[in-house]
Amino acid sequence: MTLAVAVAAALFVGVVAYALFGGADFGSGFYDLTAGGAARGAELRTLVDHSIGPVWEANHVWLIYVLVVWWTGFPESFAAAMSTLFLPLILALLGIVLRGASFAFRKYAATLSQARLFGAIFAGSSLIAPFFFGTVAGAIASGRVPATGRGDRIDSWVNPTSLFGGVIAVGTCAFLAGCFLCADAVRSGNPRLADRLRPRTLAVGIVTGAVVFAALVPIRRDAPTLADGLETQAAPLIVISGLAGLATLVLVYRRRFALARVTALAAVAAVISGWGVGQYPWLLVDEVTIDDAAGADATLQGILIAVGLAAVLVVPAMAYLFRLTQTEAWSRPEH
């Protein structure tokens with residue numbers, strides 16, 4: 001393994017972590033949006049607030065990690081992507097900012113109408129951010145980001161692969177969130193609320209799974225390099241994703257919500273990893289390989305040292321935070 005591939009692998013670990021933890025966070029907005037009116041949806045919205053409150057900012061650590069490693073390790077490809085895809089990236093960042101602000105402001109709304117407004121912004125921006133991140137991934141995977149950075153500002157992310165990528169990103173986020181919210185509802189002693197969430201979680205999982213496999217047809221024509229990779233070296237990961245997704249549906253149907261969270265994470269991690277393995281060895285598909293895009297060896301070595309330090313200093317703290325929020329003590333009303 002070359003230094004460049006090692007740094008690219010470290011970079012992609014951050015992408016997967018953000019897709020999993022940030023995805024479960026973003027996906028809660030779908031259930032907040034579909035919770036119903038103020039009275040009927042109050043119970044679910046309280047559960048959403050309680051579930052994501054401790055972690056909704058911490059999850060963005062992974063986004064910062066990905067941007068910093070990409071920028072320092074593969075600077076020219078980073079500049080090319082930022083230049084060509086600045087529109088969807090700005091819209092995704094706008095979604096993150098609006099989401100965070102409205103989530104905080106809703107807690108202190110003086111009137112019901114203000115709470116509804118901030119709630120609508122929170123829910124809408126929770127869907128916008130993953131959608132546009134998905135279009136960015138589709139643009140890179142379909143070879144629409146030239147190394148010069150002078151790609152088409154619209155067609156680069158408004159195309160079949162990017163749009164499917166956006167829809168799949170929203171669906172996987174909602175599916176993850178549904179599994180976590182069902183488990184949180186049961187752990188907090190409210191199985192009735194989990195039963196309200198269960199049909200929507202199953203519906204989202206079935207639709208998202210169907211879209212993932214349906215997308216393989218247009219991707220074959222629109223992104224042939226990625227399609228070849230998905231049908232060869234990434235095929236085992238796609239199969240694992242399908243089996244884990246199917247197992248999650250069965251577990252949710254049988255109300256085994258705690259275990260369903262594990263298989264849901266495995267399904268999403270496998271499909272995201274399939275994308276990375278499928279487009280290997282390209283960093284910008286059909287334009288620049290990982291080795292060609294890499295910076296100086298000294299920089300790559302420094303990044304790997306920083307990644308090692310982060311693994312020692314940050315990961316245990318994050319793991320403790322997530323463990324704390326998944327305990328019965330945290331589920332008590334006084335928290």
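**Figure 1. D286, in the loop between strand 1 and strand 2 (288-289).** At 42% relative accessibility, D286 counts as partly exposed, a label for residues between buried (under 20% relative accessible area) and exposed (over 50%), computed with a 1.4 Å probe on protein chains only. D286 has a positive phi of about 65°, although it is not a glycine. Helices (H or I, at least four residues) and strands (E, at least two) are DSSP runs, numbered from the N terminus. Please keep in mind that this is a predicted model, where local features need pLDDT of at least 70 and side-chain atom pairs count only at pLDDT 80 or more, while totals for chains, interfaces and linings use all residues. Residues are numbered from 1 along each chain as its sequence is written, and side-chain values use heavy atoms, with hydrogens and water left out.

**Figure 2. R255, in the loop between helix 11 (235-253) and helix 12.** Here too the backbone is worth a look: R255 is not a glycine, yet its phi is positive, at about 65°. With a relative accessible area of 43%, R255 is partly exposed.

**Figure 3. The cis peptide bond from Y280 to P281.** Omega of this bond is near 10°. You will find P281 in the loop between helix 12 (257-279) and strand 1 (282-284).

**Figure 4. Helix 2 (residues 38-52) and its bend at L44.** The 15 residues of helix 2 reach 20 Å from the first C-alpha to the last, close to the 21 Å expected at 1.5 Å a residue; the expected span is 1.5 Å times one less than the number of residues. Helix 2 bends by about 30° at L44, the angle between axes fitted to the seven residues ending there and the seven starting there. L44 is also one of the buried residues of helix 2, which include G41, R45 and L47. The buried residues of helix 2 pack against helix 1 (3-33), helix 5 (86-107), helix 6 (112-141), helix 7 (160-187) and helix 8 (191-214).

**Figure 5. Helix 14 (residues 297-313) crossing helix 15.** The two axes come within 4 Å and cross at roughly 35°. In this contact (heavy atoms within 4.5 Å), A310, A311, V312 and L313 of helix 14 meet V315, P316 and A317 of helix 15. A310 is partly exposed, at 25% relative accessibility. Helix 15 (residues 315-325) has the lowest mean pLDDT among the elements of the chain, 81; pLDDT is the predictor's confidence in each residue, from 0 to 100.

Key:
Axes are lines fitted to C-alpha atoms, for helices over the stretch in contact, and angles run from 0 to 180 degrees between N-to-C directions.
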